[in-house]
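Keep the viewer open and follow along.

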Amino acid sequence: MHTLTFFPLGNADCCRVDLSGGQKLLFDYANMRCADDEGDLRIDLPTELQENLKAARRDYYDVVAFSHLDNDHVCGAPEFFFLEHAKKYQGEGRIKIKNLWVPAAVIIEDGCEDDSKIIQAEARYRLKEGKGIRVFSRPDELRDWLKEQGLTLESRQHLMTDAGQLAPEFTLTEHGVEFFVHSPFGSRLDDGTLVDRNIDSLVLHATFQVDLQQTKLILSADVDHTVLTEMVNVTRKKKREFRLEWDIFKLPHHCSYKSLGPEKGIDKTKPVAEVKWLFEDQGQTGAIVVSTSKPIPTNDDDDQPPHRQAANYHREHTKAKVGEFKLTMEHPKASAPEALVIEIGRTKAKIKKRYLAGAASVVSQASPRVG
């Protein structure tokens with residue numbers, strides 16, 4: 001059995017993937033909790049992760065992926081991880097990264113500050129060293145950056161994976177999972193366009209296999225509807241619709257209406273045609289939709305996500321699939337959020353639930369088999 005764990009961090013991302021073979025992957029890391037505020041309901045992320053690693057008797061992740069460098073995806077990472085580029089980020093108790101996954105934008109972006117600058121320095125160091133990293137997409141600007149370091153794109157080709165390819169570190173046969181890359185598109189930056197962290201972030205489609213049963217996950221970072229539209233169009237053109245099937249969907253940008261369409265709507269966001277197809281036709285029966293976000297507001301006073309209009313759309317189409325729509329800061333209840341654990345096995349995906357009054361564990365009804 002494989003498991004996914006999404007953590008209650010407010011409007012921020014961290015997803016741990018535990019594979020049945022013992023490998024551990026972490027997608028984003030954002031320690032958002034204010035330690036001095038006893039009323040802060042966000043989880044103590046470093047403690048939670050450290051305890052899990054200690055139980056597994058390891059001090060590293062096989063992969064740590066940063067989808068992009070916004071604070072809600074990297075906050076606190078320099079304090080938690082063992083970073084190879086500088087001794088000040090090394091020492092006992094820090095967690096090692098066997099393979100660092102980043103989109104090309106992380107390497108080539110200018111003007112990074114604070115934690116994002118430190119993670120960028122680590123990615124650049126590893127790329128220059130030629131080990132321990134995978135960079136997704138190859139815009140011309142990356143070639144130029146490598147040339148400035150006295151390197152060639154060809155010499156680092158083995159560390160790069162483009163959209164439309166599989167990350168080579170994992171296979172269905174050996175690990176029970178494969179990761180297909182949907183975005184970023186290297187061509188977007190080839191005309192000198194400035195890096196847009198959200199648009200140029202890393203979007204992956206994971207296929208898990210237990211025996212002959214496959215369960216599919218989309219990790220969509222913070223992309224908007226224009227990127228999802230391009231993903232759909234390219235994938236359909238190449239007749240790879242199966243690469244957009246999903247049983248679990250981590251919503252983009254904390255349930256923002258902009259991931260659905262250009263207009264928020266009055267009560268419900270109307271998705272553009274391609275995004276509507278992605279959510280309504282490609283989602284499987286019993287699908288689980290996860291919003292890594294605060295509770296949905298009842299008014300429109302704050303323009304920031306989550307947006308109630310987007311949530312209304314997702315609730316409606318998820319209910320139609322006899323599925324579940326989950327917010328990380330409301331699971332299992334808003335007054336006491338806990339990590340959301342999804343188990344993946346022979347009966348596809350199911351949410352692990354705990355009795356609120358005790359330590360006994362139960363699991364929700366398994367998602368129905370499809371096909």
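1. Start with His253, which sits in the loop between β13 (246-250) and α9 (273-280). Bear in mind that this is a predicted model, so treat what follows as a reading of a prediction. The phi of His253 is positive, about 50 degrees, although the residue is not a glycine.

2. Is His253 buried, exposed or partly exposed? It counts as partly exposed, because its relative accessibility is 22% and the buried class needs a value under 20%.

3. Now hop over to Val322, in the loop between α10 (308-320) and β15. Here's another non-glycine residue with a positive phi, this time about 55 degrees.

4. Next, have a look at the peptide bonds. Which kind of bond joins Ser183 and Pro184? That one is cis, and its omega is about 20 degrees. To find Pro184, go to the loop between β10 (177-183) and β11 (203-210).

5. There's a cis bond to check at Pro332 too: the peptide bond leading there from His331 is cis, with omega near -5 degrees. You'll find Pro332 in the loop between β15 (324-327) and β16 (340-345).

Notes. Residues numbered from 1 in each chain as written. Predicted model: local features only at pLDDT ≥ 70, side-chain atom pairs only at ≥ 80, totals over all residues. Heavy atoms only, no water. Helix = DSSP H or I, 4+ residues; strand = E, 2+ residues; numbered from the N terminus. Buried < 20%, exposed > 50% of the residue type's maximum accessible area, 1.4 Å probe, protein only.
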